[in-house]
Amino acid sequence: MAAGPAPGERLDVITIGRCSVDLYGQQIGSRLEDVASFAKSVGGCPANIAIGASRLGLKTGLITRVGEEQMGRFVKEQMAREGVALEGIRTDPARLTSLVLLSVENDKTFPLIFYRENCADSALCEDDIDESFIRSSRAVLVTGTHFAKPGTDAAQRKAMRIARAAGGRVILDIDYRPNLWGLAGHAAGEERYIRSDKVSDHLKSILPDCDLIVGTEEEVHIAAGSEDTLEALGIIRSLSKAVIVLKRGPMGCVVYPGAIPDQLEKGIVGKGFPIEVYNVLGAGDSFMSGFLRGWLRGEDHATSATWANACGAFAVSRLLCSPEIPTWDELQFFLKHGSPHKALRKDEAINHVHWATTRRAQPDQLLALAIDHRMQLEKMAEEAGAPRERISAFKRLAIAAIARVANGSAGFGTLLDDVHGREAMFDAAKLGLWVGRPLEQPGSRPLRFEVSQDVGSRLVEWPVTHTVKCLCFYHPDDPAGLKDEQREKLRMLHEAARKLGRELLIEIIAGKHGALDEHTIARALDELYALGIMPDWWKLEPQASGKAWENISSVIARHDPWCRGVLLLGLEAPEEELARGFAAVAPHKVVKGFAVGRTIFTQAARGWLSGGMSDEQATADMAERFQNLVQLWHDRRG
């Protein structure tokens, strides 16, 4: 995710207007009436552009309103994750955040419903335009649909006046939606053009104060009041000195910085990228984000147009709007390497860059108490004569122990299962802990998944904040058939995790089934990377030498520079042995922390399950042991 603007830092652009929660049907080829499930994201033209431009490296802000409810909070939280300044987002206690429902019926039909009756952003008014906030930006972007109502019209015009008076630039995204101007019914959200002299006259009054005007051919027609594109461009030029950008879909775009030529192609042509159309919604916002990255940073128009067309291609080839806009790293990767796929969503290399550069931010270290053990705790309960149902309560005590050590600080977490740890997961969520959840059948080799081998059907029920954890007993010298079977399972899991937007931690233990030397784990990781398995995290056993960690670090850096890193596992080692392990990895920054379990909880589990320890005694014992390891980690890291 992009880093947000620092306090007092000048912004590159502030966008103004619509902001919604988009609910897009996940069954492609369905009527909206038949859609069974939806993907949720932030939407609305200016909101999308604020996110997209931020992803591409600009400092952005948004002026809009959201409701004082869960969807409004989602919008603000997502904007913060995307690095968008929040000062201009007002919370409206009297109105709801707007919603949009859409389905992809085919490559030309996208039924769309706007739920905007008296919604929060439609109540935007002049009082919401803070002069100092506008002056903090080099440019403001206004959108055509928010000139459709008197209050929002006045708000945008006020922002334009302040920006121009402060020497800022004004950008107009014509963003024409006929039904939002009252020209079509609720079911006509997909409609892109209805002629209206009233709308054209309204938009013409805005054009003289703009420095950049961007629109499709239909939007240029409505802005000028002419359905002849060349004539329409001429009318706009007669009213404005702005740079005009004509979007032409698969044909790319044309930029007109000066006089309008006698042929459309005599402008500065930005060629399009041949891609498969999946969903056109959001393509224009992605396009604008790319163009602004160039235009606001002083690039020539041809470069800005290339970036814009590439960004638009990404959006057209994917389902959603703002989540699909590329990051700067992703855009540069695409421009350098291209893609063999016309459906960019099928390009695994690009998808990995997109995933790795848009996933939720996390602290640079992770110190976790692993309490996802099932077989071990069940055996302890049996030995103590305690019913298995008691394990659930013990895991809640472990979460309480983590809370004591963390004391509200970031960078702490737990590995926790849903067999005995369901209630503990609820506790962890309230504390804001990182949670990794195991998916493997305990002790299985070859690897099997717990409950069902259809991992996708399980992961869809998991919170997006939970990381999928999978332990695989894998040695690079294993028999070929065993390796193939295990790698196929890991590949299946990786695909499911990416498809459903869940982070993945793969734990590799090789030492139980073969010798370890300085190359063993590096070889294992290299083999899995070669299959396109790119976990967010690795969890690895301690190594005998610093050279082994150098080799591991080298493999990860070569295959995946965006990997979050390695967590060190404990294997019930005593504290002194773990201290030596922590010291061994201190020079290797790829190791970000540890996930240790039995070293911390074994004594408390045995004592508590047998009735020899109270809740407080067990919690305190685990907290003390966890705190000792945390302190050892910090001491060895200097």
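The following legends describe close-up views of a predicted model.

The model is predicted, with local features requiring pLDDT of at least 70 and side-chain atom pairs counted only at pLDDT 80 or more, whereas totals for chains, interfaces and linings use all residues. Residues are numbered from 1 along each chain as its sequence is written, and side-chain values use heavy atoms, with hydrogens and water left out.

View 1. The side chains of E82 and R55 meet in a salt bridge with an N to O distance of 2.9 Å, a salt bridge being a side-chain nitrogen of Lys or Arg within 4 Å of a carboxyl oxygen of Asp or Glu. Because E82 lies in the loop between α2 (70-81) and β5 (89-92) while R55 belongs to helix α1 (residues 45-55), the pair ties together parts that are 27 residues apart in sequence. Helices (H or I, at least four residues) and strands (E, at least two) are DSSP runs, numbered from the N terminus. Both E82 and R55 are buried; buried means under 20% relative accessible area, exposed over 50%, and partly exposed in between, with a 1.4 Å probe and protein chains only. The structure holds 50 salt bridges.

View 2. The side chains of R404 and E616 form a salt bridge at 2.6 Å, N to O. R404 lies in helix α13 (residues 389-406) and E616 in helix α21 (residues 615-637), so this pair ties together parts that are 212 residues apart in sequence. R404 is partly exposed, with a relative accessible area of 42%, and E616 also counts as partly exposed, at 45% relative accessibility.

**View 3. The salt bridge of E440 with K469.** The closest N and O atoms of the salt bridge between E440 and K469 are 3.0 Å apart. The pair links distant parts of the chain, with E440 in the loop between β16 (434-438) and α15 (455-459) and K469 in strand β17 (residues 466-472), 29 residues apart. Both E440 and K469 are buried.

**View 4. Strand β17 and its partner strands.** In β17, 7 of the 7 residues are buried, so the strand is largely enclosed by the rest of the structure. Both faces are covered, with H466, V468, C470 and C472 buried on one side and T467, K469 and L471 buried on the other. β16 and β17 pair in the parallel sense over 4 bridges, where pairing requires that DSSP finds at least two bridges between two strands, and V435 stands opposite H466 in β17. Strand β18 (residues 504-508) runs parallel to β17 and is joined to β17 by 5 bridges, with L471 opposite E507 in β18. From β17 the chain crosses through helix α16 (residues 480-499) to β18 in a right-handed β-α-β crossover; right-handed means that, with the strands pointing away from the viewer, the path from the first strand over the helix to the second runs clockwise.

View 5. The buried residues of helix α14 (residues 422-431) are A424, M425, D427 and A428. These residues cover an arc of only 160 degrees around the axis, which puts them on the same side of α14, the arc being that of the directions from the helix axis to the C-beta atoms. The face turned away from this buried side carries the exposed residues A429 and K430. Among the elements that cover the buried residues of α14 are α13, β15 (412-415), β16 and β17, with contact defined by heavy atoms within 4.5 Å. After α14 comes G432, whose phi is positive, near 75 degrees.

**View 6. The loop between β16 and α15.** P446 is found in the loop between β16 and α15, and the peptide bond from R445 to P446 is cis, with omega near 10 degrees. V451 is found in the loop between β16 and α15, where phi of V451 is near 75 degrees, a positive value in a residue other than glycine. V451 is exposed, with a relative accessible area of 72%.

**View 7. N118 in the loop between β7 and α3.** N118 is found in the loop between β7 (112-115) and α3 (131-135). Its phi is near 55 degrees, a positive value in a residue other than glycine, and N118 is partly exposed, with a relative accessible area of 48%.
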